[in-house]
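Student: I've got a model open and I'd like to learn how to read it. Could you take me through it feature by feature?

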2 protein chains.
Amino acid sequence: MKTCRTVASLRQALPAAAGAGIGLVPTMGALHEGHLSLVRGSRRENDITVVSIFVNPAQFGPGEDLQRYPRDPERDSALLAGEGADVLFMPDASQMYPSPYRTYVDVTGLDEKLCGRSRPGHFRGVATIVLKLFNLVRPQRAYFGQKDAQQALIIRQLLRDLDLSVQLRVLPIVRDADGLALSSRNIYLSADQRRAALALPRSLELARDMIAGGQRRSRVVRAAMEAEIAREPLLTVDYIAVVGLDDLEEAAEIVPGHALVAAAVRAGQTRLIDNYLSGDLSC
Amino acid sequence: MKTCRTVASLRQALPAAAGAGIGLVPTMGALHEGHLSLVRGSRRENDITVVSIFVNPAQFGPGEDLQRYPRDPERDSALLAGEGADVLFMPDASQMYPSPYRTYVDVTGLDEKLCGRSRPGHFRGVATIVLKLFNLVRPQRAYFGQKDAQQALIIRQLLRDLDLSVQLRVLPIVRDADGLALSSRNIYLSADQRRAALALPRSLELARDMIAGGQRRSRVVRAAMEAEIAREPLLTVDYIAVVGLDDLEEAAEIVPGHALVAAAVRAGQTRLIDNYLSGDLSC
């Protein structure tokens, strides 16, 4: 595995022939099985797998956890080498945002909903860095986790709108044995908070079962999820959304195959997200 | 010359091998000698020259001249064939902005100055359509006129910030015999307005001569230009700017080689721009 810390060395490490089949896995490091499943997905479909690790300042708000976001480059590097990744791109901020940096991408309409409501500017940062990585790596395929479903939806829209011919692969959420979706931020949780946090996946299982059982009224599903999460006093709800998959708009009726049930909660300072997807975000 | 009206047909018309040396000349049509000089510039340096004609709604504001902007596709097409352009891309708005369209690019800091002040949203529209054309055509080089100096500066910043490896060529302003910079909008002018409009290039010649003569105080140059334009009662000044070339900021002192003197005036409903550049915008 070749490790590149600069844009120039990354460009040199990539093959000149664009037909080689390059898969890109963009991450912020602190890797877990969710990330590694993306690397395996890329390895299955591409000749070359490029993984980026960059804790992107542009997608953190002023009060957020940019400074304390977990970082463990040595462990990450060993894990990726073990998975057979070909190139690890690990730039610092001055490589990605050389001064004066001025250009940002907005995916309007999708970026202010759900997570965008409590994290203004977050998806501008995500869309911008992902577009930059696409331009640098020129992958045939890019791999994202379904846990960040809104992010995947925004990238899908960006790809269409900006006429990029990158295939988007959105792979399933990977969970711990207790049901909690893997997240680099789970290490912030105390034992009590972690137990409480399980109400989040439980509420989504409830939603899934209700929809599978024929329930089509968004309001009813949302209310059941609210009740489930409300039983845990250590959690506060950021949002619970039962929305259409194309526009993230609340609709009275759930359309299976085109629905996203997503929720964000806080346990202390830690914000956790999870979702149930009825449909496909890959393209 | 192959004419393509859809994104799909454009993709088919372009060679698969990226190394072919493609030059892109983005235009809004109503072609004049300024545009044709860009086509010639591209023909000199590239195997294939792609010209786009698209009156981009996203770069027109609500009160602007989108509807009456001059259009003459047959004449344009004949001119381009005569110049030896290889591909003419002439899409309609539904090709470039298929519904739902959501993604826009902002080059912050540069986009609200000079023309951006009286045309809010204009450079968002420009940056977005140019990025889309870069992604569709994947040119090695792109050709813009110096008359739109702020536009060229914004594209240069976008290329750097988004890690695109397109070379930017900014070619000199082409003028009519009387000194007026060529513009598709010049046909809006009455004979009296046209005579009055010549104060704009005269004021820029004055600035050029003052700087060549050693004048370094922005304020003095600007005042002389104001006085020159004020002699024409048919003109109103939109802005007169003596600014640094990298940030478009007013500075007390002019630094030759890094200065842009730019002005916009109105004659009736018609807005005209022109500039004197001390430095280079190509990259």
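This is a predicted model: local features need pLDDT of at least 70, side-chain atom pairs count only at pLDDT 80 or more; totals for chains, interfaces and linings use all residues.

Tutor: Start with two helices: H6(A) passes H7(A) in a right-handed crossing. A crossing is left-handed if the near helix is turned anticlockwise from the far one by less than a right angle, and right-handed if clockwise. Helices (H or I, at least four residues) and strands (E, at least two) are DSSP runs, numbered from the N terminus.

Student: Which residues of H6(A) and H7(A) make the contact?

Tutor: Two residues are in contact if their C-beta atoms, placed from the backbone, lie within 7 Å. H6(A) brings Phe123(A), Val126(A), Ala127(A), Val130(A) and Leu131(A), and H7(A) brings Gln151(A), Ile154(A), Ile155(A) and Leu158(A). By class that is eight nonpolar, one polar and no charged. Ala, Val, Leu, Ile, Met, Phe, Trp, Tyr, Cys and Pro count as nonpolar, Asp, Glu, Lys and Arg as charged, and the others, Gly among them, as polar.

Student: At what angle do H6(A) and H7(A) pack?

Tutor: Axes are lines fitted to C-alpha atoms, for helices over the stretch in contact, and angles run from 0 to 180 degrees between N-to-C directions. Here the angle is about 55°, with the axes 10 Å apart. H6(A) and H7(A) are therefore oblique to each other; under 35 degrees counts as roughly parallel, over 145 as roughly antiparallel, 65 to 115 as roughly perpendicular and the rest as oblique.

Student: How many residues does each chain put into the contact?

Tutor: Chain B gives 22 residues and chain A gives 22 residues. On chain B's side, E5(B) gives the most, with five residues.

Student: In what sense do E5 of chain A and E5(B) pair?

Tutor: Two strands pair if DSSP finds at least two bridges between them. These two run antiparallel over five bridges, and Val107(A) has Thr103(B) as its bridge partner.

Note on methods. Residues are numbered from 1 along each chain as its sequence is written. Chains are lettered from A and ligands numbered from 1 in the order in which they are written.
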